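I opened the notebook today to look up a few things in this model.

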Amino acid sequence: MLLRPPSPQPKNTRLWLAPYVAIGVFALAMLVLTALLQWRELDTARSALEGDMHWAERTIENRLRAHQDFLAELGRDQEFKQLTYESFQVRAGRYTREAPEIQAIIWVDTDGKVEWVAPNESTAVFVGEQLTGERLAALQEAMRIRRQVVSADYRDATQRPAHDIVHPVQRGSGDLGAFIALQSLETLLRTTLPTVFTTRYNLTVVDAQNREVLSNTSVKPTDRQISGQISLELPNNRLGLNIVAYRAGGAWLPYVPVTLILVLTLIATVTLIQLRRHAKRRAATEEELRAAYAFRQAMSQSLITGLRAIDLEGRITFVNSAFCRMTGYEESELVGIKPPYPYWPPEEFDHLQHNIDTALAGLAPASGFEMRIMRRNGERFDVRLYFSPLIGTDGQQIGWMASMNDITEPKRVRVELERAHERFVTVIDGLDSAVHVADVQSGEILFANRAFQNIFGFDSVGLDSAEVTAACRPSADMLVRDPNELVVDELPCEIYDGELQHALSGHWYHLHERAIRWVDGRIVRVQIGADITDRKHIDEVNLQQQKRLEQTSRLITMGEMASSLAHELNQPLSAIANYCAGCVKRMQAGNYKLEDLLAAMQKASDQAERAGKIIRRMRDMVKKGDPNRQPIALEELVDETRAFADIDAQRTGTQIVVDLPENLPKIVVDRIMIEQVLLNLFKNGIEAMSDVPVERRQLTLQAHRLDERLLEITVADHGHGLDEADCEKIFAPFYTTKAEGMGIGLAICRSIIEFHQGRLWVEPRREGGSIFHFTVPIEEENEDNDE
């Protein structure tokens, strides 16, 4: 049973905030006081720096002014010719010894050529040397403005920064030259400022562009707050001296008071927190107990899975509401009882007792027990029970926890699915067609029915489809789509539909293949193969029968024309007999000329050749042979066919009009077959006009190019015409509109045209009669070019 947790204690948050506020105010006051003291110290250091900067500025300016005055004194003496080379050496040498920053004093002419150098031992410059660069530019500027000029900074022979102080000398209005003092900036700072000054401050000389020219040390100060700048306004050159004070004392010294204040504040805060934790420990324990109880109640009451706890002897110690709903018993009726439990059906006692004994022994399977239990009203239902150890707070096992799920409906669905799958497999295995499913990427066969396994082997599932079906498989160029390039959005998709012959057995199969999405989401190929070997055999038999019917049709047509052909042959034979008889009589009478006999015999030979052509055309028409499609001119076919049709046309008084345009392309057909079609259409047209007046008996043949591949030929008559219902029936086998017709002529004609990839159809003529159309392929242009 669950114990009721204690009620929560009221909280007084404001009381606990007061100590934290007091500590924070004290720490803030100490930090402000420390900041004021440090600011005062910094202000004192800045005041000292300002005084030192003022002293350094006056000292450096006085030093530079003394150099300028000395050069001006030399210039006045030179202007009034009171300065000789010896006196220059004495005075300039003594001055350079007193001012070490002056490396040398030289006298140059107006072109910048060095004439005097003092002292003589100086190596900074030599007599005869020519000034260049910034030095020459400074000289020229001084000559121009006739005042002292300080050159731009440059590197001397020792690569140290230096500059020239140039003093021009004039006499009257002419320039004599200039005295130049070569001054080293580094030596200037070292000799002008005392050592104690350079040890306290970092000195940096910068030019007008604020670029560093010289520094007294490579060590940079870490604190840039105490600093200043002196501006040295030299003639024509502005230099700046940045002064930065070094830190007095350690870098950590300003942070010591702040650190002490923060550490003391932290100690006080931690102490207060520990006191508060000690005071809140009981409240936290009660809150955890209350939260755990609420969570356990919410979890047990919201689950749809039945939960049951038993001790090590099998006694029920806890059940949730879902378990009570499943069994129909109240919690009070179940807690405390041992096996057998009241929800065990009597017929399942032994089985259920074995399960509980196995579970108490710790041998319950991980998949749980599937069992049948009973509700309070006697209804049975199936459940699956999972066992797991129940561990107490001391780490020892105190029982077993079981979860129970109602699997009645899932079990029923599973059984139905198994039966449906069994029915599906039975139906698929009962098909005569071979069905198999293969993965597009790997080619693995995922499913194959019995017919497929009979053809390709009973162990084909799991193998590579390409290897198993290699004997009867379409090549990649025969597929409509590449299966490897398909995406899910394009499914289902047609891949192949055609007929193939098995390379080993020789059987013919009609293969239909599609790409679909499999049950696990991947793309697969489903192939259905139907054995069409018997149908192929029947088609071959029908083809042979069709050929025999065509030959029979030609024989029938020739039989019907036999009398007309006899009349046609009678004319050339009679002419031959008359020509020969005339020649014999003349030769017997002796009254002849050789030219007359030759002319008569030539005419007899022409008539014999005419009769031979008639007989040869009849023999070609009835001769049995395989189709032979070759390029041929339509005019030639029409002329040969008309030779037969003219016999009936002359007998019935029918006029045959052939209207063919010029430059028609050749057609690629079997000569005899197309002649048979034309002759059949001519014969039908002549017979259809047997009841119309003679003046309307006109049969017209026309042709035109339909497109790049086909030529359309039309045969029109003025006969009785056809009904709309007869326009399609007339091509059916054994259907005829003639009293004595057999009904196979037009059916054979349509088969012949379809064999040539063409089409044969009929239309009623508006002014009476019928128009038969058929198309035949024409010779391609590339073939003409090759020829």
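This is a predicted model: local features need pLDDT of at least 70, side-chain atom pairs count only at pLDDT 80 or more; totals for chains, interfaces and linings use all residues.

Entry: I began with the strand order. Five strands make an open sheet, and I read them off as β12-β11-β15-β14-β13, with antiparallel pairing.

Entry: How many bridges join β14 to β15? I found nine, between residues 380–391 of β14 and residues 397–406 of β15, which run antiparallel. Within this pair, F387 stands opposite A402 of β15.

**Entry: helices on the sheet.** I then looked up α9 (residues 349–360), which packs on the sheet and touches β11 (306–311), β13, β14 and β15. Its direction makes about 130 degrees with that of β13. Helix α10 (residues 408–430) lies across β13, β14 and β15, and runs at about 120 degrees to β14.

**Entry: the cores.** Which residues touch the most other members of the largest nonpolar core? Of its 41 residues, they are L634, I667, I674, L701, F774 and V776. Several elements give two or more residues to this core, among them α16 (634–652), β23 (667–670) and β27 (770–777). Helix α17 gives the most, with eight residues. I also checked the contacts of I667: leaving out residues up to four places away in sequence, they include L634, L637, L711 and V776. A second, separate core has 38 residues, including W107, V150, Y201 and A245.

Notes
Residues are numbered from 1 along each chain as its sequence is written. Side-chain values use heavy atoms; hydrogens and water are left out. Two strands pair if DSSP finds at least two bridges between them. Helices (H or I, at least four residues) and strands (E, at least two) are DSSP runs, numbered from the N terminus. Contact means heavy atoms within 4.5 Å. Axes are lines fitted to C-alpha atoms, for helices over the stretch in contact, and angles run from 0 to 180 degrees between N-to-C directions. A nonpolar core is a set of buried Ala, Val, Leu, Ile, Met, Phe, Trp, Tyr and Cys residues joined through side-chain atoms within 4.5 Å. Buried means under 20% relative accessible area, exposed over 50%, partly exposed in between (1.4 Å probe, protein chains only).
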